[in-house]
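Colleague: I'd like to learn how to read the ligand sites in a model. Can you walk me through one?

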Amino acid sequence: MTGEPQDDCLFCRIVAGTIPATIVRETETTVAFRDINPQAPTHVLVIPKAHHRDAAALAAAAPELAADVLRETQAVADEEKLESYRIVFNTGSGAGQTVWHAHAHVLGGRGLDWPPG
Ligand code: 5GP
Ligand code: ZN
């Protein structure tokens, strides 16, 4: 069920602490940790602790929690001293989503092309 921890979800396991991650920030409702395969000098994932399959499901089911995630992306950018950065929510396998627990990528520390690939 949406919101409930999923045993087979990688990011629920990171929230639970059963899979290690380099956590950079944590709030009551969110966790931010470094991507294991960074695509930029700063590449941090911000996730809600509650399980929602993607950003759209998160926004529909829990808009306040979606706002918490967005606020945390800004907090990460501030801590990493990023003047410019990109927030990405890959949504659907065709867009590159591989983990089905909503997450914002915070990318920065290098020039970022637009449009993205
Ligand atoms: P997606 O492709 O779903 O938008 O993003 C999933 C991200 O999770 C990828 O950038 C991938 O590198 C990252 N990732 C996958 N497994 C792990 C892991 O075990 N630990 C961490 N920290 N990141 C992971
Ligand atoms: Zn999950």
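This is a predicted model: local features need pLDDT of at least 70, side-chain atom pairs count only at pLDDT 80 or more; totals for chains, interfaces and linings use all residues.

Colleague: Fine, metal first. Which residues are the protein donors of the zinc ion (ligand 2)?

Modeller: The idea is to look for N, O and S atoms within 2.8 Å of the metal. Here that gives SG of Cys 9, SG of Cys 12, ND1 of His 51 and ND1 of His 101, at 2.0 to 2.3 Å from the zinc ion. Along the sequence, these donor residues follow the spacing C-x2-C-x38-H-x49-H.

Colleague: And what does the pair Cys 12 and His 51 tie together?

Modeller: Cys 12 sits in helix 1, while His 51 belongs to the loop between strand 3 (42-48) and helix 2 (55-61), so the two tie together parts 39 residues apart in sequence.

Colleague: What arrangement do the four donor atoms make around the zinc ion?

Modeller: For this you check the angles: four donors count as tetrahedral if all of them lie between 85 and 135 degrees. The angles around the zinc ion run from 107 to 115°, so the arrangement is tetrahedral.

Colleague: Is Cys 12 buried or exposed? And what about His 51, buried or exposed?

Modeller: Buried means under 20% relative accessible area. Cys 12 comes out at 7%, so Cys 12 is buried. His 51 has 12%, so His 51 counts as buried too.

Colleague: On to ligand 1. Which residues come nearest to it?

Modeller: There are 15 residues around ligand 1, and the nearest are Asp 35, Asn 90, Gly 96, Thr 98 and His 105. By class, the shell holds six nonpolar, seven polar and two charged residues.

Colleague: How far from an oxygen atom of ligand 1 is the polar side-chain atom of Asp 35?

Modeller: For a polar contact, you want a pair of N or O atoms within 3.5 Å. The polar side-chain atom of Asp 35 is 2.5 Å from a ligand 1 oxygen. Thr 98 uses a backbone N or O atom, 2.7 Å from an oxygen of ligand 1. His 103 brings a side-chain N or O atom, with a ligand 1 oxygen 2.9 Å away.

Colleague: How much of ligand 1 does the protein bury?

Modeller: Compare the ligand alone with the ligand in place: alone, ligand 1 exposes 520 Å², and the protein buries 83% of that. Helix 1 (10-16) and strand 2 (30-34) are the elements giving two or more residues to the shell.

Colleague: Last one: where does Thr 91 lie?

Modeller: Thr 91 is in the loop between strand 4 (85-88) and strand 5 (104-108). Its relative accessible area is 38%, so Thr 91 is partly exposed. Thr 91 and His 103 are twelve residues apart in sequence, with their C-alpha atoms 9.6 Å apart.

How values were computed:
Residues are numbered from 1 along each chain as its sequence is written. Chains are lettered from A and ligands numbered from 1 in the order in which they are written. Side-chain values use heavy atoms; hydrogens and water are left out. A residue is near a molecule or strand if one of its heavy atoms lies within 4 Å of it. A polar contact is a pair of N or O atoms within 3.5 Å; within protein, one must be able to donate a hydrogen and the other to accept it, and residues adjacent in sequence count only if both atoms are side-chain atoms. Accessible areas come from the Shrake-Rupley method with a 1.4 Å probe; for residues, only the protein chains shown count as cover. Helices (H or I, at least four residues) and strands (E, at least two) are DSSP runs, numbered from the N terminus. Ala, Val, Leu, Ile, Met, Phe, Trp, Tyr, Cys and Pro count as nonpolar, Asp, Glu, Lys and Arg as charged, and the others, Gly among them, as polar. Donors are N, O and S atoms within 2.8 Å of the metal (3.2 Å for Na, K and Ca); water is not among the atoms, so sites may look incomplete. Four donors count as tetrahedral if all angles lie between 85 and 135 degrees; four count as square planar and six as octahedral if opposite donors are over 155 degrees apart and all others between 65 and 115; anything else is irregular. Buried means under 20% relative accessible area, exposed over 50%, partly exposed in between (1.4 Å probe, protein chains only).
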